[in-house]
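Here is a friendly note to read with the model open beside you. Take the points in order, and find each residue on the screen before moving on.

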Amino acid sequence: MALTLITACGSTSGGNVTDIPGHSSASRALTEKDLANATYWINELGTFHLDNGEFNSQYGEGVTQRHKVTLDKIAFGDLDHDGLTDAAVILAWQSGGSGTFKSLMAMRNTGSAPQQQDDILLGDRVQISALSITASQVHLETVSSGPRDPACCPSQQVKQVYILHDGKWTQSADKITDSTVSTASNATFTGIVRKWERFEDTSELQHFVIDDLNKYTLIFLPDGTYRVKADCNRMQWKTAFNICH
């Protein structure tokens, strides 16, 4: 397992926090081992537990029909201003196809163990070049697919900043290093799981309601692609979209 560990400036790597009001001497900073053996949750996968940084689960009879999640990167720092050392974690998820979907997880230090607060999907085969926490802000540098890049060869460098607010990730504007275009308006559009609820025929001949909303989903990703799940079928495609106001 290849694991990159990044520690934020000013954060601690262990020990207690007896000098912080409201925390007992049993409270401690999170460790790499804690996060490599923690419980996580991803919308389309559900709850799972890492064992030494990996999770594997067979979901079909085919050799490639298995879920695999690996811990990719860690940055330590205080995310919620409580004086404890929390963590931002990058997980990489493969489900048997060619895609590797990476998510940013907010892992709060409860004083004894890490607890996930939120997650956001970063995209397919996104290369994470840097991850750090400074002043409770998560700074993320990625290399993702530009408008003319093939899926194999991303070249667009993007800097992102995330803040944990009321237990949820809040993203500021992206900064694309090879363009002056800001994608701030996309921050509230991308990364949201949209679920198909019902079908209404305009001719009123047929209407039906989806029994399991998690079987049919659509996600627009920050890298300009969208991801679709239709029952057991999955696909990802590149598109161009603009946010109208």
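1. Before you start. This is a predicted model, in which local features need pLDDT of at least 70 and side-chain atom pairs count only at pLDDT 80 or more, while totals for chains, interfaces and linings use all residues. Residues are numbered from 1 along each chain as its sequence is written, and side-chain values use heavy atoms, with hydrogens and water left out.

2. The overall picture. The protein chain contains one helix and 19 strands; helices (H or I, at least four residues) and strands (E, at least two) are DSSP runs, numbered from the N terminus. Of its 245 residues, 42% count as buried. Here buried means under 20% relative accessible area, exposed means over 50%, and partly exposed lies in between (1.4 Å probe, protein chains only). Among contacts in the protein chain with a separation of 6 or more, 43% are between residues 24 or more positions apart; a contact means heavy atoms within 4.5 Å.

3. The cores. A nonpolar core is a set of buried Ala, Val, Leu, Ile, Met, Phe, Trp, Tyr and Cys residues joined through side-chain atoms within 4.5 Å. The largest one has 20 residues, and Leu35, Tyr40, Phe48, Leu71, Val89 and Leu91 have the most contacts inside it. Two or more residues come from each of helix H1 (32-36), strand S2 (39-42), strand S5 (66-77), strand S6 (86-94) and strand S7 (101-109). A second, separate core has 17 residues, including Ile120, Ile128, Leu140 and Tyr162. As background, nonpolar side chains in soluble globular proteins tend to be buried together.

4. Strand S2 and its partner. S2 pairs with S3 in the antiparallel sense over four bridges; two strands pair if DSSP finds at least two bridges between them. A hairpin of three residues joins S2 to S3, and Trp41 stands opposite Thr47 in S3.

5. Tyr40 and the aromatic rings. Tyr40 counts as buried because its relative accessibility is 1%. Beyond its neighbours within four places in sequence, Tyr40 is in contact with residues including Leu35, Leu71, Val89 and Gln116. The structure holds four aromatic pairs. Rings of Phe, Tyr and Trp (its six-membered ring) pair if their centres lie within 6.5 Å; planes under 30 degrees apart count as stacked, over 60 as edge-to-face and the rest as tilted. The ring centres of Tyr40 and Phe48 are 6.2 Å apart and the planes are at 25°, so this pair is stacked. Phe48 is buried too, at 3% relative accessibility. Ring pairs link Tyr40, Phe48 and Phe55 into a cluster. For Trp93 and Phe101, the centres are 6.5 Å apart and the planes are at 55°, so that pair is tilted.

6. Gln116, a polar residue to look up. Is Gln116 buried or exposed? Gln116 counts as buried because its relative accessibility is 17%. This residue sits in strand S8 (residues 114-124). A polar atom of the Gln116 side chain lies 2.7 Å from the backbone nitrogen of Trp41. The Gln116 side chain also makes a polar contact with the side chain of Asp119, at 3.4 Å. A polar contact is a pair of N or O atoms within 3.5 Å; within protein, one must be able to donate a hydrogen and the other to accept it, and residues adjacent in sequence count only if both atoms are side-chain atoms.

7. Two loop residues with positive phi. Most residues other than glycine have a negative phi. Asn52 has a positive phi of about 55° although it is not a glycine, and it lies in the loop between strand S3 (46-49) and strand S4 (54-58). Asn52 is exposed because its relative accessibility is 54%. Ala135 also has a positive phi, near 55°, and is found in the loop between strand S9 (127-134) and strand S10 (137-144). Ala135 is exposed, with a relative accessible area of 69%.

8. Gly123, in strand S8, is buried with a relative accessible area of 0%.
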